Amino acid sequence: MGSSPATVLSQPKVVTGDHGYVLEDVPHLTDYIQHLPTYPNPLQDNPAYAVVKQYFVDMDDTIAQKIVVHVDSPRGTHFRRAGPRQKVYFKSDDVHACIVTCGGLCPGLNTVIREIVGSLHDMYGVTRIEGIEGGYRGFYSRNTIPLTPKAVNGIHKWGGTIIGTSRGGYDNKKIVNSIEDRGINQVYIIGGDGTQKGASAIYEEVRRRGLHVAVVGIPKTIDNDIPVIDQSFGFDTAVEEAQRAIDAAHVEALSNENCIGLVKLMGRNSGFIAMHATLASRDVDCCLIPESSFYLEGPGGLFDYIEKRIKENGHMVIVVAEGAGQDLVAESLRTNDDKDASGNKLLNDVGLWLSQKIKDHFKTQTEMEINLKYIDPTYMIRAVPSNASDNVYCTLLAQSAVHGAMAGYTGFTVGPVHDIIESIMDEAPPTQLLDDQVVDNGLVTKEPVVC
Ligand SMILES: Nc1ncnc2c1ncn2[C@@H]1O[C@H](COP(=O)(O)OP(=O)(O)OP(=O)(O)O)[C@@H](O)[C@H]1O
Ligand SMILES: O=P(O)(O)OC[C@H]1O[C@](O)(CO)[C@@H](O)[C@@H]1O
Ligand SMILES: [Mg+2]
């Protein structure tokens, strides 16, 4: 087996075809290692799959990013479909896999860990799987945790991550040295935008060294702020959990005179949790999100609206995403330039600030006496185990990641596009709204489809 280490950053693999067809392909080990041996996929001998007629994904299957088209639209961007391939680029006995979780907690982390272990073990007969403890820094500062099917059996019922997580501590050279020294050849990296930027750089360094190592990212963010994919895992659970806080705020608001129930929900740069929880609840009068600015005073301002709703209804419920109104908070509090260990800007507490502003306004500017009940369930919505639908989703993601690595793909992430799981080039996902999302009256919505 010959290898030729690449000296420059890998180029995006883009394949074009007729009628404006574009395939954003994912890197493969054979892009930089020649003459890699292949093996038949052991799944073909697995009795569990004997009844399935076509189990393997056709090598040419790709999925269109946009499914709303016009008669003369170009075929547009496509992604490679994830799933098991007929040929694999690792002998099961030779696989030495590791899993790491980084960034904030998210429901479903343990399910993904469990299902990576289960897929590697049950589908491919892999027995050497280790957990990297406490995020990226664990690669070079901690011992690994052996992950067997028995060790991970019940963990999908628990919140958090059994291997721990952290922010900061990213050292590309030390991490890749550790991968090389330990003889690890499959790296599963579960985390958000920061983590995936780190994963992409790990892939580049692995490639530069010409290593037979597959690097796979599994996108995680409770904020659901990843473009391209339909939804991130744990989001459904978080929205469900947020309902409890909104329900409590509504009960308080209903039961007390002139009462405002105010709930702050997670969402640093995006209001997806706040918006979905609002749409699901139907008890929320006003939802404030980072994507849409608002103002407090004067006609059309928030105070004006609160006064109107209280007069009409005797109560109201407000949901505010943690990243909303940061410009306004910064005007009245000191500018906060603090950052967390990963370099993320630390936000001012919009919930407390808004509570105080509303109370002050009604006390000093109106005759109306109000009651305000503030609920901050921040960590409660992400420290819970994943719900049933997230569990199924996490399982599919984990299986797709394992199939992709076994098939020799590397430097990619997996995620659903139109409910079909794709392999997507591993590059930093920007945290911004997609083209087909519209902002209207403080609410962000995906463009509706009429069937
Ligand atoms: N640009 C980057 N390059 C390399 N590593 C990074 C980069 N940004 C962040 N990291 C590393 O990735 C890890 C996780 O980053 P971060 O704390 O920002 O969480 P995240 O993955 O974005 O998840 P969350 O959704 O919780 O924000 C940290 O160890 C951090 O040092
Ligand atoms: O307090 P921590 O653990 O840094 O995490 C808080 C952040 O994590 C997130 O949930 C993203 O994972 C953000 O919504 C939030 O700002
Ligand atoms: Mg992040």
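How many salt bridges are there between domain 1 and domain 2?

1. The count is one salt bridge between domain 1 and domain 2. The model is a predicted one, and the pair concerned is D340 with R167, whose closest N and O atoms are 3.6 Å apart. With a cut-off of 4 Å for a salt bridge, the 3.6 Å of D340 and R167 falls within the limit.

2. On the division itself: the domain assignment puts 13-232 together with 386-425 in domain 1, and gives 235-383 to domain 2. Taken over C-alpha atoms, the centres of domain 1 and domain 2 are separated by 37 Å.

3. The size of an interface is often given as the accessible area lost when the parts come together. For domain 1 and domain 2 the buried area is about 1,600 Å², with 47% of it on carbon and sulfur atoms. On the side of domain 1, the residues that lose the most area to domain 2 are R167, I222 and D223, which together make up 37% of what that side buries. R167 is also a partner in the salt bridge with D340.

4. In terms of contacts, 18 residues of domain 1 meet 18 residues of domain 2. Nine residue pairs across this interface are in polar contact, with both residues at pLDDT 80 or more. The side of domain 1 that touches domain 2 consists of four nonpolar, ten polar and four charged residues.

5. Leaving out residues up to four places away in sequence, Y188 touches A97, C98, I99, V100, I116, L120, V216, A401, V402 and A405.

How values were computed
Residues are numbered from 1 along each chain as its sequence is written. Chains are lettered from A and ligands numbered from 1 in the order in which they are written. This is a predicted model: local features need pLDDT of at least 70, side-chain atom pairs count only at pLDDT 80 or more; totals for chains, interfaces and linings use all residues. Side-chain values use heavy atoms; hydrogens and water are left out. Domain bounds come from an automatic or database domain assignment. Contact means heavy atoms within 4.5 Å. Buried area is the accessible area (1.4 Å probe) that two parts lose on being put together, summed over both. A salt bridge is a side-chain nitrogen of Lys or Arg within 4 Å of a carboxyl oxygen of Asp or Glu. A polar contact is a pair of N or O atoms within 3.5 Å; within protein, one must be able to donate a hydrogen and the other to accept it, and residues adjacent in sequence count only if both atoms are side-chain atoms. Ala, Val, Leu, Ile, Met, Phe, Trp, Tyr, Cys and Pro count as nonpolar, Asp, Glu, Lys and Arg as charged, and the others, Gly among them, as polar.
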